[in-house]
Amino acid sequence: EIGTYSAKTAFILSKLFEEANILSIDIPSIDNDFMSTYARQDNVQKFVENRNKNLSASKRIRFREINSINLTNSEEKFNLIWVDGAHGYPTVTMDIINSYRLCKKNGYVVIDDVYKEVDYSDKHYKSIAAYETLLELKKAKLINDFYLIPKRLDGQYNLPWEKKYIGIFKC
């Protein structure tokens, strides 16, 4: 899992895949981007304590505080990679490319919060970088295809620039 946030997804994955060993990574809690996103700046310590409590709920979850860009140096292979770190360019593109490289044959890469269009773009929350990266991987024939599953179906989330997807491709 790239992007631990509160570690609830890591915990859910540990329940869904009872035999799996899970590695969750997130940028160090002393990193300015960590402190300034998701309104954590006023209570970073409490946020980290809650996250660490969730991480310790399963002995099969390992956690590392590293910038996901450092996965460029990793050789460890995975059956499933959940990409949910920064959603803007260049980070999400690098995360998807690194995930493609680190994914075992017949494994899956799942990307959270994929937008096909946006009313504004930023480096943390909202951009079309993941969608464009998936299109380029397909165009280069590195992946056969990818799938977009609508994430939310109600109200405001049906506006084109608010519509999010979960992207999936098989390695």
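Helix α5 lies across β4, β5 and β6, and runs at about 145° to β4. That angle is taken between axes, meaning lines fitted to C-alpha atoms (for helices over the stretch in contact), with angles from 0 to 180 degrees between N-to-C directions. Helices (H or I, at least four residues) and strands (E, at least two) are DSSP runs, numbered from the N terminus.

Bear in mind that this is a predicted model: local features need pLDDT of at least 70, side-chain atom pairs count only at pLDDT 80 or more, and totals for chains, interfaces and linings use all residues. Residues are numbered from 1 along each chain as its sequence is written, and side-chain values use heavy atoms, with hydrogens and water left out.

**The sheet**

- Start with the open sheet, where 4 strands sit in the order β3-β4-β6-β5 with mixed pairing. Two strands count as paired if DSSP finds at least two bridges between them.
- The edges belong to β3 and β5; each has a single partner strand, so one side of each is left without a neighbour in the sheet.
- On average, neighbouring strands of this sheet are turned by 20° against each other, direction ignored.
- Strands of a sheet pair through backbone hydrogen bonds, either parallel or antiparallel.
- β3 and β4 run parallel and are joined by 5 bridges. Val83 has Ile111 in β4 as its bridge partner.
- To get from β3 to β4, the chain passes through helix α4 (residues 91–102), and this β-α-β crossover is right-handed. Right-handed here means that, with the strands pointing away from the viewer, the path from the first strand over the helix to the second runs clockwise.
- β5 and β6 pair in the antiparallel sense, over 4 bridges. Look for Ile149, which stands opposite Ile166 in β6.

**Helix α5 and its cover**

- Helix α5 covers residues 129–139, and its buried residues are Ala129, Ala130, Tyr131, Thr133, Leu134 and Leu137. Buried means under 20% relative accessible area, exposed over 50%, and partly exposed in between (1.4 Å probe, protein chains only).
- What covers those buried residues includes α4, β4, β5 (147–150) and β6. Contact means heavy atoms within 4.5 Å.
- Just past α5, Lys141 takes a positive phi of about 60°.

**The disulfide**

- The whole structure has 1 disulfide, a term for a pair of cysteine sulfur atoms within 2.5 Å.
- Cys103 and Cys171 are the two partners, with an S to S distance of 2.3 Å. Cys103 lies in strand β4 and Cys171 in the segment after β6, so the pair ties together parts that are 68 residues apart in sequence.
- The torsion about the S-S bond of Cys103 and Cys171 is about 105°, so this disulfide is right-handed.
- Cys103 is buried at 8% relative accessibility, while Cys171 is partly exposed at 23%.

**Salt bridges**

- Side chains of opposite charge can pair when their charged atoms come close.
- A search of the whole structure turns up 9 salt bridges. Each is a side-chain nitrogen of Lys or Arg within 4 Å of a carboxyl oxygen of Asp or Glu.
- One of them joins Arg62 and Glu76 at 2.9 Å, N to O. This pair links distant parts of the chain, 14 residues apart: Arg62 is in strand β2 (residues 61–65), and Glu76 is in the loop between β2 and β3 (78–83).
- Arg62 is partly exposed at 42%, and Glu76 is partly exposed too, at 33%.
- Lys164 and Asp113 form another, with their closest N and O atoms 3.3 Å apart. Here Lys164 in strand β6 (residues 164–170) is linked to Asp113 in strand β4 (residues 103–115), 51 residues apart.
- Lys164 is buried at 15%, and Asp113 is buried at 10%.
- Asp112, Asp113, Lys151 and Lys164 are linked in a network of salt bridges.
- Lys126 and Asp119 also meet in a salt bridge, at 2.8 Å, N to O. Lys126 is buried at 3%, whereas Asp119 is partly exposed at 45%.

**Around Phe11**

- Phe11 is in helix α1 (residues 8–16) and is partly exposed, with a relative accessible area of 29%.
- Phe11 and Ser58 are 47 residues apart in sequence and 6.9 Å apart in space, C-alpha to C-alpha.
- Not counting residues up to four places away in sequence, Phe11 touches Ala57 and Ile61.
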